[in-house]
Amino acid sequence: MIDKRLLKEMPKAKVFIWKQVAMQWIGMLSNVGMVFMFAYLFTSMYKKTLVIKDLYIGIIFVVAMIVIRILVTKKASTYSYLASRDVKNHLRKRIYKKLLEMKNSYTQHIATSELVQLSVEGVDQLETYFGRYLPQFFYSMLAPITLFLILVWMDWKSAVVLLVCVPLIPLSIVAVQKFAKKLLSKYWTSYATLGDSFLENLQGLTTLKIYQADEFKNEEMNKEAENFRRITMKVLTMQLNSVSVMDIVAYGGAAIGSIVAIMGFLHGNVSLFGVICIVLLSSEFFIPLRLLGSFFHIAMNGIAASNKIFNLLDLPQEEVEKEVLSDEECTINISNLSYSYDGEREVLHNVHMDIPSHKFISIVGESGSGKSTIAKLIVGLATGYKGNLRIQDIDRMHLDDSSFYSRVMYITHKATIFKGSVKDNLVIAKDGLSEEAMWNALKQVKLADFIKENGGLAMFIEENGTNLSGGQRQRLAMARALLADKEVYIFDEATSNIDMDSEDAILDVIKGMATKKTIIMISHRLSTVTESDCIYVMNQGQCDSYGTHDELMKQQGIYADMYHRQADLEAFYKEEA
């Protein structure tokens with residue numbers, strides 16, 4: 001019922017847990033004080049010895065106990081919040097740090113949607129575990145023992161009966177724990193699967209409508225939702241049954257203890273004061289454990305989520321001594337490079353490429369030929385390759401990422417545009433940028449006039465740049481890349497899915513950069529790479545051929561065939577227009 005790994009991970013939270021237990025214990029003692037005072041006053045009334053002074057003292061005492069109870073309850077709530085806050089902050093920072101270490105390779109182990117659910121709702125589930133369940137667990141052990149030591153002097157028989165009945169509640173919890181753990185694991189898996197499908201279908205809704213596959217996906221999601229509903233109902237049934245069992249044990253145990261005390265009173269073995277105290281405090285033996293049971297299933301759900309979180313945090317991270325780039329020119333050499341995403345089907349096989357500095361190099365090929373995978377391996381977004389991939393004669397896996405990214409810029413057609421001003425999106429490129437430099441970059445990508453008309457550098461950009469067109473987003477990303485002023489630029493389909501004017505503007509910038517930077521351009525559109533110093537043609541994961549545009553056209557191979565087909569299509573579209 002206690003996850004040692006979780007406790008070990010959260011040393012600060014343990015302090016707040018013990019403080020909360022102390023507050024609960026003091027609150028229980030205040031309840032005992034009120035019961036004792038009530039029993040004393042009732043006994044005095046029964047014996048006709050009660051005086052007005054005792055009544056006033058009793059009222060003042062009860063009010064004082066109530067005030068203490070209020071104060072410690074408030075303090076307990078504060079400590080509960082502090083414990084859960086520390087846990088959530090700690091785990092989310094750990095997850096974020098792990099993702100920074102793994103980069104995009106985390107997608108090989110866990111879906112992004114499941115990761116979001118773990119980081120948000122999964123971590124929130126642990127709020128109950130640390131803020132309510134653990135303090136209640138320790139308090140539930142402490143409260144019955146304290147009450148036993150208090151009541152045993154009044155009637156040892158009823159005190160023993162109450163104490164013996166108390167363990168029946170945790171025994172019932174333990175009985176369902178094994179079943180609950182397995183069921184809640186299935187519940188969380190089903191929940192994550194449903195969330196994954198929902199996110200994927202939502203993002204691809206336009207595509208599904210175009211291909212009229214939305215009804216099919218709707219039926220798939222209905223089946224997953226039905227499976228999730230069934231598991232949820234099983235969880236609720238289990239919770240209801242276990243709560244019923246705990247209620248029977250709690251109220252039954254309190255009743256038995258009270259009956260024993262009353263029988264003792266009738267036989268003259270227990271005083272009136274004692275029987276009143278035992279009857280009124282008998283439920284206090286069981287209420288803490290009964291409350292613990294109500295937190296148990298939520299806590300178990302949190303533990304199920306924490307197991308998945310720890311599975312992510314425990315993913316092996318290869319520890320190698322990282323090297324840094326020297327001041328020499330940044331060259332890239334690839335030989336016998338092979339790679340597989342799943343460890344079975346190779347997407348790259350024995351690829352050879354030489355990328356010298358200050359050259360315009362292009363990598364082309366049909367979709368799925370492996371050209372983007374090469375870019376991901378170079379920038380470190382995919383790891384675990386076979387063969388040689390060397391930057392400045394340093395193996396990429398042994399190269400420090402900070403050193404690499406200080407010299408290399410990677411731009412895709414999905415560059416992230418952040419919510420905020422245009423200036424906010426540009427200043428992240430490089431420290432100490434002037435507004436003049438920003439405007440120069442915007443002019444180069446032919447975006448300056450639009451920005452000026454809409455508020456200048458203070459123009460507000462919505463999240464993901466939704467108030468910009470696709471071409472404008474890409475040109476803003478290109479301006480940011482220019483301001484970074486790197487030695488090597490890798491453009492991975494940077495001009496795809498944008499309008500012709502934006503594409504021409506970006507291509508003009510790339511061609512201008514090629515005179516003083518190393519350019520690696522990955523493109524499926526061959527008309528954009530004709531001026532390259534060298535073009536590598538990928539085909540089914542292998543480098544089929546390489547050379548300049550003219551050399552490849554003379555070979556009459558795959559490149560020439562692709563070029564002619566694309567030229568015919570472009571001519572056809574121009575005629576249609």
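**Reading rings and packed helices**

Guide: Arg396 lies over the face of Phe404, 4.2 Å from the ring centre. The model is predicted, so local features need pLDDT of at least 70 and side-chain atom pairs count only at pLDDT 80 or more, while totals for chains, interfaces and linings use all residues. Residues are numbered from 1 along each chain as its sequence is written, and side-chain values use heavy atoms, leaving out hydrogens and water.

Visitor: Which residue lies over the face of Trp439?

Guide: The criterion is that NZ of Lys or CZ of Arg is within 6 Å of the ring centre and within 35 degrees of the ring normal. Lys452 is over the face of Trp439, at 5.5 Å from the ring centre.

Visitor: How many aromatic pairs are there?

Guide: Rings of Phe, Tyr and Trp (its six-membered ring) pair if their centres lie within 6.5 Å; planes under 30 degrees apart are stacked, over 60 edge-to-face, and the rest tilted. The count is 11 aromatic pairs. In one of them, the ring centres of Trp18 and Phe138 are 4.8 Å apart and the planes are at 35°, so this pair is tilted. It links distant parts of the chain, with Trp18 in helix α2 (residues 11-47) and Phe138 in helix α4 (residues 112-151), 120 residues apart. Trp18 and Phe138 also belong to one aromatic cluster with Tyr129, Phe130, Tyr133 and Phe137. Helices here are DSSP runs (H or I, at least four residues), numbered from the N terminus.

Visitor: At what angle do α2 and helix α3 cross?

Guide: Two packed helices are described by the angle between their axes and the distance between the axes. Axes are lines fitted to C-alpha atoms over the stretch in contact, and angles run from 0 to 180 degrees between N-to-C directions. The axes of α2 and α3 (residues 52-102) come within 8 Å and cross at roughly 165°. The two are therefore roughly antiparallel (angles over 145 degrees; under 35 would be roughly parallel, 65 to 115 roughly perpendicular, the rest oblique).

Visitor: Which way do helices α15 and α16 run, parallel or antiparallel?

Guide: Helix α15 (residues 470-484) and helix α16 (residues 500-513) have axes that come within 9 Å and cross at roughly 15°. That makes α15 roughly parallel to α16. Their contact (heavy atoms within 4.5 Å) includes Arg475, Met478 and Leu482 of α15 and Ile506, Val509 and Ile510 of α16.

Visitor: Which residues of helix α5 meet helix α8?

Guide: Lys157, Ser158, Val161, Leu162 and Cys165 of α5 do, and their partners in α8 include Val249, Gly253 and Val260.
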